[in-house]
Amino acid sequence: MLKTKNTFLKGAFVLPKKNSAHSILIYDQSLLAYDDFKILKKSFVHTYEVSAGESLKDFAAFPGHMEKILSLTEGIPTADLQIYSAGGGSVGDFCGFMASTLRRGVLLKHIPTTWLSAVDSAHGGKTALNVGGFKNQIGSFYPATENIFIRKILEGQGDARRIDMLGEVLKISLLNKKVFRKICEKTFAELNDNEFIWQHLALFIDAKMGWVKQDPLEKNGIRAVLNLGHTVGHAFESGFHLQHGFAVALGVVFAVRLSLQKKVLSRSAWLEISKMPLYQKFSVDLDLFLQDHFKLKENFDLNFNLIAQQLQKDKKKTSQLSVKYIFLKSIGQPLPRSYPISEIVQDLKRQCS
């Protein structure tokens, strides 16, 4: 698997002039609000503006984007062409797939501009498009040659983006003992701090890549453990339009509780996890979410049916009735199992009560 270089910058990044004519910057239009991004954009001869979000990843819209980008890059030799993506996870997914298919593959560099993409989606080489409302059904493995992190842009994203990222940090802390020890005694306020996140960004990235390197193309099942919290999290995200990282955090709490209930997770590990301020914060959020959507609403059954429908769309299905679900045995020890979708819905009902 191609090794990705990580570059950490405090301020603006400017493309060297020798590369400018051979590169195209594909960027989220919202970044035009940042002066440091405007400086970056001016150093590119070729740019292409997109609107971030799941609609960008719609396969039906992809040919139109491809035609425009082919036109913009027509005079650039394939060997010299580089795509730079600037944005969050949806822009990275789109640009990664574009780079992997354009002229059978051109160089790719990511400039992740949300904390969530900086910690998670920019790493590991996964690209994806959505088909007919089903998430991430078409994709490729295509790692970037470089990820460029610009602190001033990341810090300008606001509190909600930072909290979204902490959902993935919670997940990786349960999969990596070093990260767990680093954050287990930190208050939520201490974790939700730009300085702390910037100083530990490389640690979070390395923890994820430790799993990716064992299974770069998802052939032996090891990398699948990074889906901890994602099965139910994706159902919450799609069914109730939650932010991805926040939905994953709720899914992680659900998975920890379920692992304890099924006697997969040891009682001692559960006690350690339950004392984490970050886990406690998202545990309260899950209880409030379940109360709002599944206990006090008139459409109680309707919402459970909605979750069942979303789970049926999960690309990790092992059969028509089951999905590969990630349980937790202890900190750093996930356990993938085929698990019935109907059981997940029943478990959700149990957690509601």
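Start with Asp 347 and Lys 262, whose side chains meet in a salt bridge at 4.0 Å, N to O. Asp 347 belongs to helix α16 (residues 341-352), while Lys 262 sits in the loop between α12 (244-261) and α13 (267-274), so the pair ties together parts that are 85 residues apart in sequence. Keep in mind that this is a predicted model.

Lys 262 counts as partly exposed, at 31% relative accessibility.

Now look at Arg 350 and Glu 343. These two form a salt bridge as well, with their closest N and O atoms 4.0 Å apart. Arg 350 is partly exposed, with a relative accessible area of 39%, and Glu 343 also counts as partly exposed, at 29%.

As background, side chains of opposite charge can pair when their charged atoms come close.

The structure holds 16 salt bridges, and here's another one to find. Arg 151 pairs with Glu 155, and their closest N and O atoms are 2.5 Å apart. Both residues lie in helix α6 (residues 151-155), where they are 4 residues apart, or about one turn of the helix.

Arg 151 is buried, because its relative accessible area of 15% falls under the 20% cut-off. Glu 155, at 27% relative accessibility, counts as partly exposed.

## The sheet

Next up is an open sheet of 6 strands, paired in parallel. If you walk across the sheet, the order is β1-β8-β5-β4-β2-β3. The strands at the edges are β1 (5-9) and β3 (46-50), and each has a single partner strand, so one side of each is left without a neighbour in the sheet. From one strand to the next, the twist averages 20 degrees.

Lys 109 has Glu 146, in β8, as its bridge partner.

## Helices against the sheet

Which strands does helix α4 touch? Helix α4 (residues 89-101) packs on the sheet and touches β2 (23-28), β3, β4 (82-87) and β5. The direction of α4 makes about 170 degrees with that of β4.

Over at β1 and β8, you'll find helix α10 (residues 194-212) lying across both strands. Helix α10 runs at about 170 degrees to β1.

## Two helices crossing

Finally, follow helix α7 (residues 159-175) to where it meets helix α14 (residues 277-295). Their axes come within 11 Å and cross at roughly 115 degrees. The crossing of α7 past α14 is left-handed.

Which residues make the contact between α7 and α14? On the α7 side they are Ile 163, Leu 166, Gly 167, Val 169 and Leu 170, and these meet Leu 278, Tyr 279, Lys 281 and Phe 282 in α14. Sorted by class, this contact has 7 nonpolar, 1 polar and 1 charged residues.

How values were computed. Residues numbered from 1 in each chain as written. Predicted model: local features only at pLDDT ≥ 70, side-chain atom pairs only at ≥ 80, totals over all residues. Heavy atoms only, no water. Axes fitted to C-alpha atoms, helices over the stretch in contact; angles between N-to-C directions. Left-handed = near helix turned anticlockwise from the far one by under 90°. Contact = heavy atoms within 4.5 Å. Nonpolar A, V, L, I, M, F, W, Y, C, P; charged D, E, K, R; others polar. Pairing = 2+ DSSP bridges. Buried < 20%, exposed > 50% of the residue type's maximum accessible area, 1.4 Å probe, protein only.
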